[in-house]
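Biologist: I am new to this structure and would like to learn how to read its features. Please give the general idea each time, and then the case in hand.

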Amino acid sequence: MSLRRRLEHSSLLAGAIARVAGLYLRLCHATTRWQRDGLDDLAADLAVGPVLVVMWHECSLMGPLHWPKELGPLSTLYASSPIGRVSGALQRQSGLHPMEMAEGISNLVASRTVLRRVRDGYSIGIAADGPLGPARQVKDAPLDWARAMQRPVYGFAYHTRRGRALSTWDRMWFPLPFTTGRVIFRRWPAQPGRKDANPQWTEPLAAFLNDLQEDARRSI
């Protein structure tokens, strides 16, 4: 049986792969001298209630390790694909509360699941360009949830001086240990209304995330 098929049927195998990946990422996290920005604003908003955290998929590898868990729980999403199962296991091992989204599920059904989590006090984290891309193109889901939640939307970005972009659709950043890095949580100054159309906010959110990623990259 191929590794893909085994991953599709074995949560134990997905968990084992996630543990190996997690050990490496925790090594990178522990040996990097981080500059962290935006945590005071994030803490102030979390004291009032959950927030929506949005990032480009290229930043998702180390995202779970940078969420300030002492300020509140974060529920993330992962796809039901083999690599998605590994991602979900890695998020769970990092102390987050991931939700599996089956292939083909509608945004309406997903939104109901997300809103139940929000009512229970969980912030929500999502990659704006989704699990499959195209890279840096905002999907409907983060805007649907921003309109439904009516809570602050935070962008997340990180970069390290040592590392490389993988040959993946998203050019995911793969960090190396013993370096310097910057982590940014920044509140999106916009707040889409409940009845707003998504297209009017797609480009503003993309521009915000691009600027955020560039800020993280050029300041280390």
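Modeller: A nonpolar core is a set of buried Ala, Val, Leu, Ile, Met, Phe, Trp, Tyr and Cys residues joined through side-chain atoms within 4.5 Å. Buried means under 20% relative accessible area, exposed over 50%, and partly exposed in between, with a 1.4 Å probe and protein chains only. This is a predicted model, in which local features need pLDDT of at least 70 and side-chain atom pairs count only at pLDDT 80 or more, while totals for chains, interfaces and linings use all residues. Residues are numbered from 1 along each chain as its sequence is written, and side-chain values use heavy atoms, with hydrogens and water left out.

Biologist: Which residues touch the most other members of the largest nonpolar core?

Modeller: In soluble globular proteins, nonpolar side chains tend to be buried together. Here the largest nonpolar core has 31 residues, and Trp67, Phe156, Tyr158 and Phe185 touch the most other members. At least two core residues come from each of helix H2 (11-31), helix H3 (39-46), strand E2 (52-55), helix H5 (82-93), strand E6 (153-160), strand E9 (179-187) and helix H8 (199-218). E6 gives the largest share, four residues. A second, separate core has 25 residues, including Leu52, Ala146, Val153 and Ala206.

Biologist: How are helices and strands assigned, and how many does the chain have?

Modeller: Both are DSSP runs numbered from the N terminus: helices are H or I with at least four residues, strands are E with at least two. The chain has eight helices and nine strands. Of its 220 residues, 49% are buried.

Biologist: What does Phe185 touch?

Modeller: Contact means heavy atoms within 4.5 Å. Not counting residues up to four places away in sequence, Phe185 touches Asp37, Gly38, Leu39, Leu42, Val53, His66, Trp67, Pro68, Tyr154, Gly155 and Phe156. His66 lies in helix H4 and is buried, at 6% relative accessible area. With neighbours within four places left aside, His66 is in contact with His29, Trp34, Arg36, Phe156, Val183 and Phe185. Over the chain, 72% of contacts between residues at least 6 apart in sequence join residues at least 24 apart.

Biologist: Is Tyr78 buried or exposed?

Modeller: Tyr78 counts as buried because its relative accessibility is 12%. Tyr78 is in strand E3 (residues 74-79). Its contacts, not counting residues up to four places away, are Gly84, Arg85, Gly88, Gln91, Arg92, Pro98, Met99, Glu100 and Met101. Tyr78 and Pro131 are 53 residues apart in sequence, yet 7.7 Å apart in space, C-alpha to C-alpha.

Biologist: What lines the largest cavity?

Modeller: On a 1 Å grid over the protein atoms alone, a cavity is a set of points where a 1.4 Å probe fits but cannot get out, and lining residues have an atom within 4 Å of a point. Grid points are joined across faces, edges and corners, and the volume is the space filled by probe spheres set on the points. A search of the whole structure finds one cavity of 30 Å³ or more, with about 30 Å³ of space. The lining of the largest cavity is made by Gly22, Leu25, Arg26, Leu61, Pro64, Leu65, Leu90 and Ser94. H2 and helix H4 (63-66) each give two or more of these residues, and H2 has the largest share, three.

Biologist: How many disulfides does the structure hold?

Modeller: A disulfide is a pair of cysteine sulfur atoms within 2.5 Å. The structure holds zero. Cys28 is buried at 1% relative accessible area, and Cys59 is buried at 2%.

Terms used. 1 Å grid on protein atoms, 1.4 Å probe; cavity = no way out; pocket = protein on both sides within 12 Å on 5 of 7 lines; lining within 4 Å.
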